[in-house]
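I am opening a notebook on a structure that is new to me, and I will write down what I look up in the order in which I look it up.

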Amino acid sequence: MTTLVITGLDRDRAAELARQSANGSMQVETASDYDGVLAVQTGHASHYVGICQSGAGAALGLAIGILGSGRCSAVSTPGSAPDMDAVRAAVESGVVAFGVPQDHVRTVIPVLVEAITQRSR
């Protein structure tokens, strides 16, 4: 089963939203940034979501350092509406670590969960 690990600001709220969106199709866990990235690196989790104010700095810093920039993407930025096609494209391209601004959690997480679920089928 696909496992999504969520870290950062409001991770518990984001995890609950992910669980509701997944409707049992994936396991959702929360962790520290470090533990979340290591879970992906070691194969204990398939995908990582880091949440911070910008969706790029603290959300992805460790992920980029450990997993490499090619496997990471800030899927939205504060101050502009999230591009859901870009979220889906990141998943389709094989990105496994996603940075999300705290303000976009409610809109990005359901789309991200749906895209990961579809790709995992």
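**Ground rules.** I note that this is a predicted model, in which local features need pLDDT of at least 70 and side-chain atom pairs count only at pLDDT 80 or more, while totals for chains, interfaces and linings use all residues. Residues are numbered from 1 along each chain as its sequence is written, and side-chain values use heavy atoms, with hydrogens and water left out.

I then followed Leu4, taking contact as heavy atoms within 4.5 Å. Leaving out residues up to four places away in sequence, I find that Leu4 touches partners including Ala18, Met26, Val28, Tyr48, Val49, Val113 and Ile116.

**Helices α4 and α5.** Two packed helices are described by the angle between their axes and the distance between the axes. The axes of α4 and α5 come within 9 Å and cross at roughly 35°; such axes are lines fitted to C-alpha atoms, for helices over the stretch in contact, and angles run from 0 to 180 degrees between N-to-C directions. On the α4 side the contact is made by Met84, Val87, Arg88, Val91 and Glu92, and on the α5 side the residues include Val108, Leu112 and Ile116. By class, the residues of this contact divide into eight nonpolar, one polar and three charged.

Which residues of α4 are buried? I list Val87, Ala90 and Val91. They lie on the same side of α4 because they cover an arc of only 100° around the axis, the arc being that of the directions from the helix axis to the C-beta atoms. Among what covers the buried residues of α4 are β4 (72-74), β5 and α5.

**Helices α2 and α3.** Here α2 (residues 33-41) and α3 (residues 57-67) pack at an angle of about 40°, with their axes 9 Å apart. The contact residues include Tyr34, Val37 and Val40 of α2 and Leu62, Ala63 and Ile66 of α3.

Leu62, in helix α3, is partly exposed, with a relative accessible area of 37%. Not counting residues up to four places away in sequence, Leu62 touches Asp33, Tyr34, Val37 and Leu67.

**Positive phi.** Asp10, in the loop between β1 (3-8) and α1 (11-22), has a phi near 55°, a positive value in a residue other than glycine, and Asp10 is partly exposed at 33% relative accessible area. Asn23, in the loop between α1 and β2 (27-30), also is not a glycine and has a positive phi of about 50°. Is Asn23 buried or exposed? I find Asn23 exposed, with a relative accessible area of 69%.

Note on methods:
Helices (H or I, at least four residues) and strands (E, at least two) are DSSP runs, numbered from the N terminus. Buried means under 20% relative accessible area, exposed over 50%, partly exposed in between (1.4 Å probe, protein chains only). Ala, Val, Leu, Ile, Met, Phe, Trp, Tyr, Cys and Pro count as nonpolar, Asp, Glu, Lys and Arg as charged, and the others, Gly among them, as polar.
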